Amino acid sequence: MAVFEPRILGFLCNWCSYAGADLAGVSRFQYPPNIRVIRVMCSAKVDPMYVMKALLNGADGVLIGGCHPGECHYIGGNYYTRRRAMMLKKLLEVIGLEPERLRLGWVSASEGVVFAEAVRDFTETLKGLGPNPLKGQR
Amino acid sequence: MKRGKHGELLQNIVRGMLGAGLVEEVLAFGRGLNEADIVPLSVVDPEDVERIVAISYYPGSLAKLVADYGDRGKKIGMVVRPCDARAMVELAKRKQLNLESFYSVGIECYGVVKARGKNREIYIFPTEMEIDGELKPLDEAALSPNCRRCEYHLPAMADVSYRLGQNGRTFVIANTEKGRKILSAANIPVEEGPQPEVTAVKERSAGYQEGEFGKLRQMERRERLNYWLSQFNKCIKCYGCRNSCPLCYCEDCYLKPERLLVPGEAVPPEMLFHITRLIHVGDSCLNCGQCEAACPMEIPISRLYHMLYKELSSIFGYESGLDVKVLPPVSTITEEDRTKTGVDLS
């Protein structure tokens with residue numbers, strides 16, 4: 001049987017996490033190729049609906065990357081993201097999905113290593129959880 | 001038997017409000033053209049005041065009505081249950097109505113019935129119910145499911161609290177300055193009734209919450225997911241839950257075709273429809289039960305929303321509908337947030 005390779009959708013903020021991912025790339029840090037990245041201007045641009053739509057369309061996990069608290073390019077966008085992520089995790093639990101399928105991480109532009117490690121760790125977690133049961137449900 | 005025997009004092013209050021010119025109209029539930037019907041009434045003419053009833057049946061949300069169709073400039077009186085008084089507070093937070101222009105009379109409420117036979121007069125008291133003048137022990141099965149879980153029996157957020165007494169004794173209590181104005185306009189002395197005994201009712205609601213949510217929590221995750229999937233699969237997309245929800249106020253709704261999620265002329269997918277609503281109102285759900293009452297497919301929606309609300313309420317420390325200054329937790333950040341560095345607020 002083929003090994004389960006999770007598909008991760010990543011929403012990375014333009015100013016920190018995306019640059020962090022870029023740095024991980026140019027620095028040749030190895031991390032699993034399971035993540036597909038969408039660049040957003042701020043992690044607060046990630047409407048909770050995007051996360052749920054990704055999960056309903058079969059993504060096994062969603063990673064939201066934002067600037068560290070206090071370092072948001074728009075002063076406070078990531079504080080909103082944090083509250084939304086807390087809400088979403090409870091929502092996932094209530095409807096019967098693993099809250100671990102959503103991960104929020106703070107990655108600054110200089111933290112290529114942190115980004116690579118976050119993806120590696122998240123991929124391992126999702127391998128443990130198995131495929132998203134919502135796949136194909138819409 | 002005399003009709004509407006518990007509503008007399010209420011009608012006097014309304015008459016007083018209209019007579020003294022405090023308000024231009026009063027929104028309340030009352031008898032429709034057919035005597036047996038209970039319908040929302042906008043009372044302008046003092047003659048219509050006697051149609052207003054206080055029976056324990058509340059088909060719809062007056063707060064929703066007034067936010068949708070209310071005349072913004074007018075002073076309006078409202079006769080509401082605590083859930084609707086809380087809905088008004090939540091709508092005011094979202095700038096959908098201005099509490100200053102409302103004079104609200106809250107009825108102390110221990111639940112409403114989900115359906116009533118025509119011509120039946122039903123009043124619910126903490127442990128008893130009165131059907132057509134006959135006092136019986138309370139049949140909890142007759143109550144709306146959300147009312148069994150409800151923990152807000154006293155309309156402290158309304159200007160006047162109005163309590164039905166079992167022996168026809170009614171009390172009115174002014175909660176605010178506006179409330180005192182209402183009572184003096186109606187020439188009713190402010191009575192300080194004995195504090196109602198709500199401990200037993202609170203225990204009952206805690207029991208129902210524990211029972212219903214506990215059953216869902218104990219399920220395996222996959223089982224719970226399948227349960228909700230099977231419930232959502234029943235949905236026929238009538239939009240009844242959205243249209244009846246006092247918190248769903250967006251004029252340009254996400255669930256409309258050709259917005260973000262739904263292509264033109266298409267029907268929204270099952271899961272997404274309910275999850276969208278859950279995301280939008282979950283943090284402030286009032287457990288008013290209007291969504292579930294409106295649902296033709298009998299999906300236990302208010303149980304889901306109330307369950308998420310309780311979970312969020314415990315992590316954010318937020319109680320909806322009490323204080324107009326405390327904003328919804330998912331869309332508001334506090335000063336304390338700025339001092340925390342983790343990925344959650346713990």
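Which residues of α2(B) meet which residues of α3(B)? Keep that in mind while you set up the view.

This is a predicted model, in which local features need pLDDT of at least 70, side-chain atom pairs count only at pLDDT 80 or more, and totals for chains, interfaces and linings use all residues. Residues are numbered from 1 along each chain as its sequence is written, with chains lettered from A and ligands numbered from 1 in the order in which they are written.

**Stop 1: the two helices.** Select α2(B) and helix α3 (residues 82-93) of chain B. Helices are DSSP runs of H or I, at least four residues, and strands are runs of E, at least two, numbered from the N terminus. B:Leu62, B:Ala63 and B:Ala67 in α2(B) meet B:Asp84, B:Ala87, B:Met88 and B:Leu91 in α3(B). Contact here means C-beta atoms, placed from the backbone, within 7 Å. By class, this contact has six nonpolar residues, no polar and one charged. Nonpolar covers Ala, Val, Leu, Ile, Met, Phe, Trp, Tyr, Cys and Pro; charged covers Asp, Glu, Lys and Arg; the others, Gly among them, are polar. The helices pack at about 35 degrees, with axes 8 Å apart. Axes are lines fitted to C-alpha atoms, for helices over the stretch in contact, and angles run from 0 to 180 degrees between N-to-C directions.

**Stop 2: the sheet.** Now show the strands of chain B. Six of them form an open, mixed sheet, in the order β2-β1-β3-β4-β8-β9. Strands pair if DSSP finds at least two bridges between them. β2 (38-43) and β9 (170-174) of chain B each have a single partner strand, so one side of each is left without a neighbour in the sheet. The twist averages 20 degrees from one strand to the next.

Zoom in on β1 (residues 25-31) and β3 (residues 76-80) of chain B: they run parallel, joined by three bridges. B:Val26 has B:Gly77 in β3(B) as its bridge partner.

**Stop 3: the domains.** Colour domain 1 (8-185) and domain 2 (219-334) of chain B; such bounds come from an automatic or database domain assignment. Their C-alpha centres lie 25 Å apart. Across the boundary, 25 residues of domain 1 of chain B touch 21 of domain 2 of chain B. On the domain 1 side, α3(B) gives the largest share, nine residues.

**Stop 4: chain A.** Finally, show both chains. The contact takes 32 residues from chain B and 28 from chain A. Select α7 (221-233), α9 (270-281) and α11 (301-316) of chain B, the elements that give two or more residues to the chain B side.

Methods
Two residues are in contact if their C-beta atoms, placed from the backbone, lie within 7 Å.
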